[in-house]
Amino acid sequence: MNTNTAIAVSMVQTEDLLPQGQSFGSDRLAKRVSRSGEPVVVALAGGGELTLPANTEIVPLVIFAAAGHLAVPQRKGSATLALEDLTWIAETAKDEDDLYLFARDLSDPSFPENFGWEAINYWEPWRANGKAFFAGGIAPSFFYFEAHAGDAEWERAAELSSLEEALYATGLPPLRNTQVAELTTQGVATIAIQQQGGRYDPLTGLHQAPPVVGWSLALTNPPVAITRSLPSWSPAEHYEFFFDFCGGLVFAFDAIREKWEQAHSHSGTTGYRLVLQALKSDSHIHPDQPIVEFSAVDDVDITGERIFRWAMDVERFVELADGDPQAANRLTADAFVGLLESLNLHSDVLANLREDWLSNKPFLILETARSRTTLHHLPAAWSLDSADESATIAASARKLAAGDVEPGTYRGHDANRLVQQHLAPLALAALTERIRAHDKQEILEAGLEQLNRVMDDGTRLREDLNRVAAHLHVVWDPQERMAEAMGNTLMLRQCNEIIVEAALRSTVADGPTLPITGRRWSGLLAAANAYRTMTTISERLHHKVAPFTIEITHAYEIKFAQDEQPAPGSWALDVDALDKASAGVSLNLRKSSVTESPVSMVELDQAMLQAEGASVEDFFHVLSALVRWDSFSQGSSVGSVSENAVIEWICTEANDTTGVRRERYSRALKLLVSTSEQLQKSDWEPWQTRTRRHRLLVQPIVRSDAGSLLIAPQYLMTSLSVYNNHLSQGVLPWTGGIPPEVGKALARIRDLRNKHFEIKVDEDLRNLGFRTIARVKAGDHGRLGVPTLTTEVDLVAAKPGDNTIWLIEAKDPASVHAVAETARQLRTFFRDSTNSRGKTKPSYSTQLARKDAELRPFIDQVALKLGLEPLTDGPAYCLSTLFVTRRVAPAGFVNEKFPVLTLEEYLRPWLS
């Protein structure tokens with residue numbers, strides 16, 4: 001478990017009848033620890049002692065074992081399992097803390113009176129309900145758990161029957177001896193088998209678990225089992241290589257399933273076991289020696305399986321495969337054919353199988369890249385456990401039940417009032433309380449560490465998905481997986497940012513503090529995510545962007561749902577489709593990069609230097625230099641250093657040997673630092689983005705109360721990307737307090753980008769054979785053959801032979817991220833506005849509708865101006881009007897009069 005959590009387990013061997021009213025050692029120990037604020041010494045059966053630190057959270061668990069099946073009832077204040085229940089939990093748990101959390105909830109003194117035949121009847125609904133029995137505000141007085149959840153065991157056995165057959169065919173142990181067994185929808189499975197020889201030291205109470213061997217299996221006929229994890233694989237780089245190599249290789253066998261099974265149609269071989277290992281480092285490797293050496297370990301076993309070994313020169317394999325997607329297929333082709341040589345197949349059959357292997361989609365893609373940060377491949381970030389989410393929601397529900405909130409369904413203003421007056425403040429109070437339980441400095445350092453890991457995880461996952469989408473054939477949708485990954489990364493990033501910012505705003509805690517652990521950090525994430533979610537819902541309700549309803553049941557369960565009957569004027573934004581489209585851009589499925597415009601930063605540089613004392617280039621120099629920071633404490637990826645040392649580092653990295661820019665770098669650094677004083681003085685609205693001048697994402701260097709600066713390189717890379725993305729679009733990452741000269745320089749960048757984009761759309765269409773008339777000024781109606789033109793037309797285009805004439809309005813709105821920005825963009829596109837003097841400003845849609853009305857009645861004349869031939873047969877010319885944008889925009893995901901497409905989307909029919 002985590003260092004502050006433990007399970008006290010009593011193992012009881014029994015006959016058919018269970019002991020009644022008996023107290024067990026685990027019960028007594030849990031009570032003793034809970035009543036003590038000091039470390040507790042535990043006597044072990046072997047005569048040794050174990051000291052549990054103060055504040056250890058311990059739960060009692062009693063496990064009964066018998067020769068036959070047991071239906072074990074629960075006991076008040078203690079979790080109770082039969083041994084077979086424990087086995088099922090071990091097979092189906094998703095996280096390492098699940099058994100602890102389940103036992104904690106069962107042993108909670110407030111757990112209601114209950115009845116259930118077996119513990120599996122408790123476990124299945126618990127894990128299906130967000131790792132909670134009940135998340136409402138009014139707890140039931142009695143729980144009755146439906147019987148027969150044990151049917152899941154039979155269903156799982158049926159689901160894994162093909163794997164069970166494959167294990168037998170390849171000579172591996174049966175499923176009952178596996179620790180992990182997972183089956184994919186593509187006919188591939190993975191198992192883990194714990195070896196014999198575990199050792200228990202009764203004196204220290206430590207159990208040394210035996211090593212685990214992993215296998216991946218292609219469930220072909222005959223099946224192929226490949227080592228996925230071996231304790232002997234070392235060093236760590238070799239282990240990682242073989243783990244990934246096997247993960248791809250098993251799918252390569254599945255990809256040639258039909259030909260593989262044909263080749264074995266008259267064979268007595270029941271299955272293959274393939275052991276992967278590295279060539280010994282002391283082996284003399286001749287340059288002409290195969291990179292993958294294959295050999296038979298044994299002849300056909302009496303049960304029909306064959307065992308082979310592939311010994312690989314890992315370094316040469318990586319060197320040759322680097323950047324070459326087909327290299328893995330090519331380098332393993334001889335070894336693959338070697339598996340089949342004993343089948344006495346005709347040479348033409350072997351040649352065809354080899355060709356199929358070579359022509360298959362790549363099964364492994366290796367790309368070595370130089371990391372911009374000194375440390376890379378950081379440990380995984382701490383995750384948000386659904387059990388903590390459920391507990392946080394339940395705590396709020398109890399407060400609602402004790403207050404004056406009535407059950408019912410809330411929508412619109414009523415729903416927003418419920419969030420603003422109750423749900424959001426409750427979430428913030430929970431976050432504040434949990435932060436104050438820890439040392440402020442430790443929170444800041446841990447938060448930045450987690451941000452480093454979140455961004456490192458996210459970057460690797462996006463790169464992996466891009467490689468998969470580009471080169472591999474998979475049954476799942478990479479775009480959906482990318483949307484899910486980006487959403488999870490964003491959630492964890494924003495939650496950790498909220499924790500760090502809230503810690504900066506907090507004061508030093510009174511009294512002793514708790515150590516930070518992954519278990520407690522999940523609680524912090526849960527509170528931060530609750531606050532993030534509540535404030536986002538409030539924003540969506542206020543701005544009427546995809547608004548929610550909130551249902552409070554009579555048991556004070558809190559349920560959120562998309563409002564299917566929103567108030568008039570609401571925006572029915574398809575958030576899922578927007579997220580998936582953004583993920584598609586990240587995947588770059590069609591190899592079409594976002595069309596960027598050449599942007600000169602010279603004027604903006606001078607304006608920023610004059611107004612802020614540091615140019616845009618200075619900001620980039622500071623961030624880029626600190627991304628390369630290389631001094632860290634053991635086990636940490638966050639540097640803690642004085643401001644002078646940071647300035648020295650920046651000057652050295654920027655090659656400013658004379659110190660000419662030292663003052664400018666110092667000024668830029670100051671603008672990039674977040675402090676407690678700043679955040680305590682400013683209005684804290686973490687749901688906002690550009691409207692906040694002081695937020696961690698744009699001031700990513702944290703000054704501790706002791707004065708040192710905390711440097712988080714991976715997170716700084718994210719901030720560097722944010723600055724680049726905003727400035728290249730002609731906006732700052734904040735909106736308030738922008739000096740006039742800076743605002744003018746930014747406006748000029750936006751204007752130049754818009755003009756360049758209009759030209760780019762015209763050029764792309766012309767290159768595809770379109771006839772176009774571009775940039776028609778108001779009053780210049782003769783160019784289009786219409787009697788009047790009251791506003792400028794960006795582009796009219798048509799492809800000879802097609803009866804559609806396109807009226808295109810090219811728009812290049814800056815990327816938006818917050819709900820308020822999204823609503824502002826939607827209003828700009830589709831809603832007229834009136835200023836304080838009563839003057840109406842027409843929306844983009846109103847202006848485009850006017851152009852449409854001026855061209856549509858005269859479409860044939862427009863066709864003549866485009867140089868199109870009159871249509872004598874077939875449909876007449878028709879006008880199709882739309883907006884075309886450079887990037888994915890929310891305006892494209894609401895149901896309004898004119899469609900909004902990206903340039904790539906618009907051109908796709910003619911590019912395919």
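**Salt bridges in close-up**

The predicted model holds 48 salt bridges, a salt bridge being a side-chain nitrogen of Lys or Arg within 4 Å of a carboxyl oxygen of Asp or Glu. Because this is a predicted model, local features need pLDDT of at least 70 and side-chain atom pairs count only at pLDDT 80 or more, whereas totals for chains, interfaces and linings use all residues. Residues are numbered from 1 along each chain as its sequence is written, and side-chain values use heavy atoms, with hydrogens and water left out.

**View 1. Aspartate 97 with arginine 519.** The side chains of aspartate 97 and arginine 519 form a salt bridge at 2.5 Å, N to O. Aspartate 97 sits in the loop between helix H2 (83-92) and helix H3 (98-107) and arginine 519 in helix H16 (residues 518-543), so the pair ties together parts 422 residues apart in sequence; helices (H or I, at least four residues) and strands (E, at least two) are DSSP runs, numbered from the N terminus. Both aspartate 97 and arginine 519 are buried, where buried means under 20% relative accessible area, exposed over 50% and partly exposed in between (1.4 Å probe, protein chains only).

**View 2. Aspartate 105 with arginine 104.** A salt bridge joins these two side chains at 3.4 Å, N to O. Aspartate 105 counts as buried at 17% relative accessibility, while arginine 104 is partly exposed at 28%.

**View 3. Glutamate 653 with arginine 628.** Here the side chains meet in a salt bridge at 2.6 Å, N to O. The pair links distant parts of the chain, 25 residues apart, with glutamate 653 in helix H20 (residues 643-653) and arginine 628 in the loop between helix H19 (616-627) and strand S20 (639-641).
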